[in-house]
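Me: I have not seen this structure before. Please show me the sequence and the model, and then I will ask about them piece by piece.

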Amino acid sequence: WSPKGSGIWRYADMLPLKSGVTMGEGRTPLIESRLKRNLWIKFDGANPTGSFKDRGMALGVTVARESGANKVIVASTGNTAASAAAYAARAGMRAYVVLPKGNVARGKLVQAALHGAEILVVDGFFDKALDLVMEYGTKYAYPLNSFNPWRLEGQKTTAFEIYEDLGCPDNVVVPVGNAGNIYAIWKGFKELNMLGLCPKLPRMIGVQASGAAPLARAWREGLRVPLFVERPSTVASAIRIGKPVNWMKAFIAVQESGGMLVEVDDGEILRAQALLARNDGIGAELAGAASVAGALSLDLPGTTVAVVTGHALKDPDIVEVKTVQVPSHEELMRILER
Ligand code: F0G
């Protein structure tokens, strides 16, 4: 199902399986930002379905198929659903996606529908959808949320690509929702380190949105266990998560790397999205822009890579569109002369 060496399979030697389903995921651009000195953007919105999830889904769907399953199931704020739907389609499998009602951006819903997933909607937030999948879904279908370790094995390839393009940065900033990705990327860097390739490991910095920041708050207050948020709220719907299932893994990544967990408010996230779009030409979805908001708000020594995890087209409704009516060609010329 894969041309040899396509997508994440380029790193087969570092993965638990040697080949599998692929759509050329990964190999996303690393772009030097004009927003701050020594800031680089790893633009994972450039993946086949527009988010970093494709890295993990390539491996996860492969494992699901090899283990004899014909159905996969995920709870999702949208991107996991879009990616699972597409990769399941490619592997000839059915996908069930369980979504929190009214909390999923339009582009992601459209993708899940387009790729033929069964879309199941529940009242409540993502955390409820995930509880349902963990409690009931796994009996019927192979679960592909980020508690699935194969997903994280695929996602660790982000670190390998950053290393290939830039070497080892001093800081890697990642938006945190369910908290799988920050751990996956950290794991990737540690493996490079074990091979002697990255002697000085980066600090891992996790960024949450203030209305959904149980981990950043726990970190700040020195709590060993986070106080979960019952009603998470942020414009960045991808990370509108109150009880991150991988919270402990995020703590490990941040603790081991000497990093931190911070929060940014919705205003900072919206501003970062606009700044990225207008200065760097990068269209980030809001959750993806959260890492950049974090990087801009912190004084970080050395080189920093901010991972922009999803594409702006995922959530078109968030952007205000201004248009100018052109009644005639005379008016057109007047406008263009301004
Ligand atoms: N950025 C984007 C664009 C996401 O879609 C997600 C998670 C994250 C960051 C956070 O990653 O959960 O590994 O900490 N989206 C999941 C979903 C929850 O269902 O698509 P994380």
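Me: Where is R27 placed?

Reply: The model is predicted, so local features need pLDDT of at least 70 and side-chain atom pairs count only at pLDDT 80 or more, while totals for chains, interfaces and linings use all residues. Residues are numbered from 1 along each chain as its sequence is written, and side-chain values use heavy atoms, with hydrogens and water left out. Strands are DSSP runs of E with at least two residues, helices are runs of H or I with at least four, and both are numbered from the N terminus. R27 is placed in the segment before β1.

Me: Is R27 buried or exposed?

Reply: Buried means under 20% relative accessible area, exposed means over 50%, and partly exposed lies in between, using a 1.4 Å probe and protein chains only. The relative accessible area of R27 is 58%. Because of that value, R27 counts as exposed.

Me: What is the phi of N38, and where is N38 placed?

Reply: Most residues other than glycine have a negative phi. N38 is not a glycine, yet has a positive phi of about 65°. R27 also has a positive phi, of about 50°. The place of N38 is in the loop between β1 and β2 (39-43).

Me: Which residues does T304 touch?

Reply: T304 lies in strand β10 (residues 304-308) and is buried, at 5% relative accessibility. Contact means heavy atoms within 4.5 Å. Not counting residues up to four places away in sequence, T304 touches N38, L39, W40, N171, V173 and A295.

Me: What is the strand order of the six-stranded sheet?

Reply: Two strands pair if DSSP finds at least two bridges between them. The sheet is open, with mixed pairing, and its edge strands, β1 (30-32) and β9 (260-264), each pair on one side only. From one strand to the next, the twist averages 25°. The order is β1-β2-β10-β7-β8-β9.

Me: How many bridges join β7 to β8?

Reply: The two strands run parallel. V174 stands opposite G206 in β8, and the bridge partner of P175 in β8 is V207. The number of bridges joining β7 to β8 is five.

Me: Why is β8 described as largely enclosed?

Reply: Strand β8 covers residues 203-209. It is largely enclosed by the rest of the structure because the number of its seven residues that are buried is six.

Me: At what angle to β9 does helix α8 run?

Reply: Helix α8 (residues 214-221) lies across β8 and β9. Axes are lines fitted to C-alpha atoms, for helices over the stretch in contact, and angles run from 0 to 180 degrees between N-to-C directions. The angle between α8 and β9 is about 125°.

Me: Which strands stand at the edges of the four-stranded sheet?

Reply: This open sheet has the order β5-β4-β3-β6, with parallel pairing. Each edge strand has a single partner, so one side of each is left without a neighbour in the sheet. These strands are β5 (118-122) and β6 (142-143).

Me: Which residue in β5 does P100 stand opposite?

Reply: β4 and β5 pair in the parallel sense, over five bridges. The residue in β5 opposite P100 is V122.

Me: What is the distance of the polar contact between Y96 and R94?

Reply: Y96 is in strand β4 (residues 94-100) and is buried, with a relative accessible area of 18%. Not counting residues up to four places away in sequence, Y96 touches K71, V72, I73, V74, E118 and L120. A polar contact is a pair of N or O atoms within 3.5 Å; within protein, one must be able to donate a hydrogen and the other to accept it, and residues adjacent in sequence count only if both atoms are side-chain atoms. The side chains of Y96 and R94 are joined at 2.9 Å.

Me: What is the volume of the largest cavity?

Reply: On a 1 Å grid over the protein atoms alone, a cavity is a set of points where a 1.4 Å probe fits but cannot get out, and lining residues have an atom within 4 Å of a point. Grid points are joined across faces, edges and corners, and a volume is the space filled by probe spheres set on the points. The structure holds two cavities of 30 Å³ or more. The largest has a volume of about 320 Å³.

Me: Which of its lining residues are closest to the centre of the largest cavity?

Reply: The largest cavity is lined by 27 residues. The closest to its centre are F52, K53, G177, N178 and A238.

Key
On a 1 Å grid over the protein atoms alone, a cavity is a set of points where a 1.4 Å probe fits but cannot get out, and a pocket is an open set with protein on both sides within 12 Å along at least five of seven lines; lining residues have an atom within 4 Å of a point.
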